[in-house]
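Dear colleague,

Please find the structure below, together with its sequence. My notes on the findings follow it.

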Amino acid sequence: LQMGQARFLRGLFYYYLYYSFNEGKVILHKTVPRTMEEFHKDVSSAPEVFNFFMGDLKMAYQLLPAKFATIDANLGRPSAGAAATILGTSYMYKNDIDSAMIYFSDVIGGKSGANRYGYEIEDEIDKMFTTKGEYNSESILEVSYSIDYNQDLGIWSNESFANRLHSMSTNTVGFLVPAWLAYKYKKEPMDVKDTRNWYT
């Protein structure tokens, strides 16, 4: 499940990059970079990037469930339906309609109209344009910016996107001294006339 979610997110981010930046030619990191050479790679070709993120999305499509057993604790997490939608959209952008329809048919339930994801057209218009419609029956992928849907996460939790401890201890805000400041103090010449610099 975790691998499915990780592959979906990586695939989704490269999907966004591919269709919005540099005609799809972006730096492709297939593993976590560890050396300077790995950090400073050249861009990959657009076909290589396309095949890479499509591979991630296809793997996510296989690994993710159609529905989560526990709904409330999993709101906002991607399902196989979200992966199928992005796959179908990618093929549609390539004008490969036959491949796109394989995934879109799965999402809408094919000719029978009954789908394994439970998606339905939302009749109540308020649920489309207001907060009343959070995670409605048309929702294929939503990003939750609130902990209201997962009450076991507090503002100090490491798993929360809005972790207060994290935001108060980064950059020049909190209790971690920025590296440039520590470096300045370390390299500053000692003032020999200042008695605080001497210990007897």
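Axes here are lines fitted to C-alpha atoms, for helices over the stretch in contact, with angles from 0 to 180 degrees between N-to-C directions. Helices are DSSP runs (H or I, at least four residues), numbered from the N terminus. This is a predicted model, in which local features need pLDDT of at least 70 and side-chain atom pairs count only at pLDDT 80 or more, while totals for chains, interfaces and linings use all residues. Residues are numbered from 1 along each chain as its sequence is written, and side-chain values use heavy atoms, leaving out hydrogens and water.

Helix H1 (residues 2-20) and helix H3 (residues 46-63) have axes that come within 8 Å and cross at roughly 150 degrees. H1 and H3 are therefore roughly antiparallel (an angle over 145 degrees). Contact (heavy atoms within 4.5 Å) involves, among others, Arg7, Phe8 and Tyr15 of H1 and Phe53, Asp56 and Leu57 of H3.

The structure holds 6 salt bridges (a side-chain nitrogen of Lys or Arg within 4 Å of a carboxyl oxygen of Asp or Glu). One of them pairs Arg7 with Asp56, with the closest N and O atoms 2.4 Å apart. Arg7 belongs to helix H1 and Asp56 to helix H3, so this pair ties together parts 49 residues apart in sequence.

Yours sincerely

Conventions:
Helix = DSSP H or I, 4+ residues; strand = E, 2+ residues; numbered from the N terminus. Parallel < 35°, antiparallel > 145°, perpendicular 65-115°, else oblique.
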